[in-house]
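Visitor: Could you put the model up, so that we can go through it together?
Guide: Of course, here it is.
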Protein chains: 2
Amino acid sequence: MSSSRSLAAALRRARVPRPRTFGPAMVPHRPSGGAEAARRSFSVASTVYAPKEVKYTTDSYPNIQRNPKFAEITADDVKFFQDRLGAPSAVIDGVTTDATDDIEPFNGDWMRKYRGHTRLVLKPRSKEEVSEVMKYCNERKLAVVPQGGNTGLVGGSVPVFDEIVLNLSRMNQIRSFDDASGVLVADAGVILEVADQHVAQHDHLFPLDLGAKGSCHIGGNVATNAGGLRLLRYGSLHGSVLGLEAVLPDGTIVDALSTLRKNNTGYDLKQLFIGAEGTLGVITGVSILCPPRPQAVNVAYFGLESYDQVRQAFKLAKGQLSEILSAFELMDGRSQQLVHQSTGNKYPLEGEYPFYCVVETSGSNPEHDMAKLEAFLEHIMSEGVVADGVLAQDETQFQAIWRWREGITEALSHLGGTYKYDVSIPLPELYQLVDDCRERLTQLGFVGDDESHPVRAVVGYGHMGDSNLHLNIAVRQYNKEVEKAIEPWVYEWIQKRNGSISAEHGLGLAKKEFIGYSQNDTMVKLMKQLKDLYDPVSFLSLPLLFDVTNRPQNGIMNPYKYI
Amino acid sequence: MSSSRSLAAALRRARVPRPRTFGPAMVPHRPSGGAEAARRSFSVASTVYAPKEVKYTTDSYPNIQRNPKFAEITADDVKFFQDRLGAPSAVIDGVTTDATDDIEPFNGDWMRKYRGHTRLVLKPRSKEEVSEVMKYCNERKLAVVPQGGNTGLVGGSVPVFDEIVLNLSRMNQIRSFDDASGVLVADAGVILEVADQHVAQHDHLFPLDLGAKGSCHIGGNVATNAGGLRLLRYGSLHGSVLGLEAVLPDGTIVDALSTLRKNNTGYDLKQLFIGAEGTLGVITGVSILCPPRPQAVNVAYFGLESYDQVRQAFKLAKGQLSEILSAFELMDGRSQQLVHQSTGNKYPLEGEYPFYCVVETSGSNPEHDMAKLEAFLEHIMSEGVVADGVLAQDETQFQAIWRWREGITEALSHLGGTYKYDVSIPLPELYQLVDDCRERLTQLGFVGDDESHPVRAVVGYGHMGDSNLHLNIAVRQYNKEVEKAIEPWVYEWIQKRNGSISAEHGLGLAKKEFIGYSQNDTMVKLMKQLKDLYDPVSFLSLPLLFDVTNRPQNGIMNPYKYI
């Protein structure tokens, strides 16, 4: 089928638009990138998830050493927590009992890249309990790692040594929703999808959506300033989060859980906790503005001959779809081959193309939206901007198309390990990084289809609307030689373009030492100053156990320099 | 004309929608609330603006005393600034010369409520010059007030004593605009309207609009976290500001002028400066995301019989106009009478109503927008939600309608002084504050049409979409008895409803002592801690010369308690 024919056919069908509701049942249930779902999908997909096979982070990074200023957990400590937290399920005790099997899931990340040595997991159920835990740990100098849904990609939510895991999963109550204002107030441990389904009952939409929605917590989303699929439409959490409740390292409960859209009475302190990755305090509650749920959602899938055409298509979509454009996702040809191989699903288009994109609209009037989308399709087709395309005609097709975008992460996970880089680069050069990286690794002889080559694929995809690229290097297993070939090369490449080495995943353990590529010395110094202000003992969350200010003159962080 | 007939007529006309461009020429040039424009309008409107007639703040508030730890400006200081800032226009020297006439405009606010004693105004032209000034003042312990367009309403941008005015008006260059991403980078002293006109040339829109746009600076907008007319559509500056450049009290230049939409590499420090009212540092540059300029903008004006109907109309507008709703403004009947008396303009509707609202849509497709608006109009008309209404048919009518909303501030200014309260209150009780306040002042015998009554009018208007009410009490002259009847009563009223005593105007001098009504002790303590971190000398900006933490047990700030 020629490209113009398939699009024309799509357009003909599109001329009889069916009004569709974007209710809970319509939310595409994409394969979740979260821990539990990942385990589920791993087990059905031939690769069995076995935490014990994962290398300890201390072995992968032997240059990281435990700071002796932190205390070891004792039986008395365990007793204290058991007394205070009450419920037996609130304390998983690997200190005085053998609880390895119960504890292991909290020690590791779902990418199977990091694995800690914790022997104690605490699951408080209220801000008061979190406060008691924090105060005690601060005084006893027991290191703590806050953990939400544990779906992070940078090793920020798992311990390295024996840090106590403070898991928020029992703080999982919706506190209130006001459908006049659209403001949801909920515990930090509420799962994103649960929050969205709750507000969907009142015709509202949680203003964040991402692959891990089935497992990740809204508290973790806020702590990591998650961006997700529809940031270009619903904006940053710095704008939509109206209030926060958090517990500081010394146990102070910060109640800034305002539900007001405007409140200019002094410094907006809650902003500090958004994106601080749990290093300034533990978020226990969130107040967030939810927009009305769109009445109509449409999605189209395109094949394109070049990255320049993707840019053209994006510019046209921004101009013509304007206020109803809710996502513009880029996927390269290799990423779609992987999804095809992993799922066995038939490609949405007949030919294969070097680039694909998913364009989604969300609006209040199905006919108007379809008219705008048709005009857009006709334009990009007649101008030859896209080579081929399909428009989802029903909910099944809608979900199927999104799976080609959201299935990439899972498809990659079947190949072994993945080096993931989540970066911001000005649009003109966004995809160039993938080409340059592939070429570099190919020239070094790392890329190939057989066992002798560590690298199986170099793929790129991401959020065009946010200039956000996900560069993924799939390896047969994690390999120091490959890592050295990528880092710091990739960070230098980004620094030259004034990009960001972490668009949305955060620094965690993986990227903390590289902050100097995206932040200048003054900014790093000011961050350290704030950390010292809130957590002078620096017991909260592992990444900040390392000195972010100790950097040589060339502006690059010392790897894992220890305080 | 009956309400249904006038609306029906409007609808008939509306059925032939004219595509309209929202280009620079189409931006309604509303009477600016800013300093310069205010002076212009005062002079044309019988009340001549005469700074010298305004009472000194030190006389109005005799309990505020100058902190002796701050130095007095000497001739040597003036010499230093003249040498470093170079240009003669950069230093207005009232220390060694008589420059009263030149200096007075910088000592007073446009509401004629505050008047300081400064004898020195500095106008640096670069961040390096700001840095030199700040470093020197910090070391010499010379108090400084940063000043943008000086259009504030809470006395935050003018001195009380002899603080040096650091005016940013010479930092007025657009640095760059990228029409692919929509990111504008500009000096802090660029006037809001100039910034908007610049991006309009590239079919973009500055994501903030407010009455003072002809005078206010974008740096001041960010420093005060201005909300304005279209926050419900374009969101908060915490979401749209991508980067900032600021100078800290010690002269450190903070370069966080990122143009990236996503950058999760450490703490988002720029957020601290948004809404800090210049007390943590002086903003010198702004990077901001501008949305595409809408192709079609429509505005309608309604008369309604009750506040409950205003709420109903807002709920319907939110649901039916959804993504194209760009403003929903409330005005009470009294406010519109004042505009009528002040301008002599004929009312937009034939009858008079206790409530009015302005509903604006902005979208990319004129026909779609008009269809949505028509459906909305038909619905609220047939349901009897509104009593009467008109829809602007051309640019002249568009501007005329907006003038009924934006002319309130100026109309009030002709009456004498105005006690202004800018508050957030949950929607159900939003307007109740105005009724309660009017009743209270009436019972006390303050309200009347003749000279024996200090209060001329109690009016309410504001941004329904943001739960933001502007309560204005127009007085013949500022009157301590009236003030005592209003404060702290008004703040207690708001506190009982968990509202905010300052939705968007900020604290400044006017509301600083009342922060306890909207922030709890912990929050105030954490704010003080941050102020101490960035400005231990506390020389920057007057409001923080007063101790925000010194409060009696009842949770209310001591008036002007001195450190």
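Visitor: Before we start, what should I know about the model and the numbering?
Guide: This is a predicted model, in which local features need pLDDT of at least 70 and side-chain atom pairs count only at pLDDT 80 or more, while totals for chains, interfaces and linings use all residues. Residues are numbered from 1 along each chain as its sequence is written, chains are lettered from A and ligands numbered from 1 in the order in which they are written, and side-chain values use heavy atoms, with hydrogens and water left out.

Visitor: How many residues of chain B are in contact with chain A?
Guide: In chain B, 78 residues are in contact with 79 residues of chain A, where contact means heavy atoms within 4.5 Å.

Visitor: And what area do they bury between them?
Guide: Chain B and chain A bury about 6200 Å² between them, and 57% of that is on carbon and sulfur atoms; buried area here is the accessible area (1.4 Å probe) that two parts lose on being put together, summed over both. Of the area that chain B buries against chain A, 16% comes from B:Lys262, B:Asn264 and B:Tyr267, more than from any other three residues.

Visitor: Which residue forms a salt bridge with B:Lys262?
Guide: That partner is A:Glu504, with the closest N and O atoms 3.2 Å apart. A salt bridge is counted when a side-chain nitrogen of Lys or Arg lies within 4 Å of a carboxyl oxygen of Asp or Glu, and the count between chain B and chain A is four.

Visitor: What about helix 20 of chain A and helix 20 of chain B, how do they pack?
Guide: Each spans residues 521-534 of its chain, and the two pack at an angle of about 135 degrees with their axes 12 Å apart. Axes are lines fitted to C-alpha atoms, for helices over the stretch in contact, and angles run from 0 to 180 degrees between N-to-C directions; helices (H or I, at least four residues) and strands (E, at least two) are DSSP runs, numbered from the N terminus. Helix 20 of chain A and helix 20 of chain B are therefore oblique to each other, given that angles under 35 degrees count as roughly parallel, over 145 as roughly antiparallel, 65 to 115 as roughly perpendicular and the rest as oblique.

Visitor: Which residues make the contact?
Guide: On helix 20 of chain A they are A:Leu526, A:Gln529, A:Leu530, A:Leu533 and A:Tyr534, and on helix 20 of chain B they are B:Leu526, B:Gln529, B:Leu530, B:Leu533 and B:Tyr534. By class, this contact has eight nonpolar, two polar and no charged residues, with Ala, Val, Leu, Ile, Met, Phe, Trp, Tyr, Cys and Pro counted as nonpolar, Asp, Glu, Lys and Arg as charged, and the others, Gly among them, as polar.

Visitor: Now within chain A, how do helix 4 and helix 6 cross?
Guide: The axes of helix 4 (residues 75-85) and helix 6 (residues 127-140) of chain A come within 10 Å and cross at roughly 160 degrees, which means that helix 4 is roughly antiparallel to helix 6. Among the residues that meet there are A:Phe80, A:Phe81 and A:Arg84 of helix 4 and A:Glu132, A:Val133 and A:Tyr136 of helix 6. By class, the contact has six nonpolar, no polar and six charged residues.

Visitor: Back to salt bridges, how many are there over all chains?
Guide: A search of the whole structure finds 56. One is between the side chains of B:Arg66 and B:Asp162, at 2.9 Å from N to O, and the pair links distant parts of the chain, 96 residues apart.

Visitor: Which residues does a cis peptide bond join in chain A?
Guide: In chain A, a cis peptide bond joins A:Glu487 and A:Pro488, with omega about 5 degrees, and A:Pro488 lies in the loop between helix 18 (480-486) and helix 19 (489-496). In chain B, the peptide bond from B:Glu487 to B:Pro488 is cis, with omega near 5 degrees.
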